[in-house]
Amino acid sequence: MATGLRRRARCYALQLLYARDGDPSNDVTGAAVSWAEAFDLEIDGPAQIFARDLVAAATERSVAIDEMITNASKNWRIDRMSRVDRNILRLGSCELLAF
């Protein structure tokens, strides 16, 4: 996958994970394609698929990833981090672990 596609996919994955962080009952993995269409986002098929797979992996590994972030964070609880920062850390950790 081209670098630009991965960058767009990561941006979209961050939006999806951010939405899930606000409401954990949201099925953002299942909604990845429909939201891109509904909100008229310029994200091609391969980028949507990568974003969906990245969010699915981050969701499946959320407990382990959050534990790793918590253990690496000195004097800063994960629930005190901004939602954007927390989810960037989650996505980056997941991509390193799963992809």
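Is Arg52 buried, partly exposed or exposed, and at what relative accessibility? At 29% relative accessibility, Arg52 counts as partly exposed, on a scale where buried means under 20% relative accessible area, exposed means over 50%, and partly exposed lies in between (1.4 Å probe, protein chains only). The model is predicted, so that local features need pLDDT of at least 70 and side-chain atom pairs count only at pLDDT 80 or more, while totals for chains, interfaces and linings use all residues. Residues are numbered from 1 along each chain as its sequence is written, and side-chain values use heavy atoms, with hydrogens and water left out.

Arg52 is found in helix α3; helices here are DSSP runs (H or I, at least four residues), numbered from the N terminus. Between the C-alpha atoms of Arg52 and Thr29 there are 5.4 Å in space and 23 residues in sequence. Not counting residues up to four places away in sequence, Arg52 touches Thr29 and Ala32, where contact means heavy atoms within 4.5 Å. Gln48 also has its place in helix α3, but Gln48 counts as buried, at 11% relative accessibility. With neighbours within four places in sequence left aside, Gln48 is in contact with Val33, Ala36 and Ile43.

Two packed helices are described by the angle between their axes and the distance between the axes. The axes are lines fitted to C-alpha atoms, for helices over the stretch in contact, and angles run from 0 to 180 degrees between N-to-C directions. For helix α2 (residues 28-38) and α3, the axes come within 9 Å and cross at roughly 160 degrees. The two helices, α2 and α3, are therefore roughly antiparallel to each other; angles under 35 degrees count as roughly parallel, over 145 as roughly antiparallel, 65 to 115 as roughly perpendicular and the rest as oblique. The crossing of α2 and α3 is right-handed, a crossing being left-handed if the near helix is turned anticlockwise from the far one by less than a right angle, and right-handed if clockwise. On the α2 side, Val28, Thr29, Ala32, Val33 and Ala36 meet Gln48, Arg52, Val55 and Ala56 in α3. The residues of this contact of α2 with α3 divide into six nonpolar, two polar and one charged; Ala, Val, Leu, Ile, Met, Phe, Trp, Tyr, Cys and Pro count as nonpolar, Asp, Glu, Lys and Arg as charged, and the others, Gly among them, as polar.

Attention now turns to α5 and its partners. Helix α3 (residues 45-60) packs with helix α5 (residues 83-98) at an angle of about 95 degrees, their axes 9 Å apart. Helices α3 and α5 are therefore roughly perpendicular to each other. Phe50, Leu54, Ala57 and Ala58 of α3 make the contact with Leu91, Cys94, Glu95 and Ala98 of α5. By class, the contact of α3 with α5 has seven nonpolar, no polar and one charged residues.

From α4, the contact draws on Ile65, Asp66, Met68 and Ile69, and from α5 on Arg86, Leu89, Arg90, Ser93, Cys94 and Leu97. This contact of α4 with α5 has six nonpolar, one polar and three charged residues.

The loop between α4 and α5 holds Asn75. Most residues other than glycine have a negative phi. Asn75 has a positive phi of about 60 degrees although it is not a glycine, and at 79% relative accessibility Asn75 counts as exposed.

Asn87 lies in helix α5 and counts as buried, at 0% relative accessibility. The side chains of Asn87 and Asp21 are joined by a polar contact of 3.2 Å, that is, a pair of N or O atoms within 3.5 Å; within protein, one must be able to donate a hydrogen and the other to accept it, and residues adjacent in sequence count only if both atoms are side-chain atoms. Beyond neighbours within four places in sequence, Asn87 is in contact with Leu14, Leu17, Tyr18 and Asp21. Leu14 belongs to helix α1 (residues 3-22) and is partly exposed, with a relative accessible area of 21%. Leu14 touches Val84, Asn87, Ile88 and Leu91, not counting residues up to four places away in sequence.
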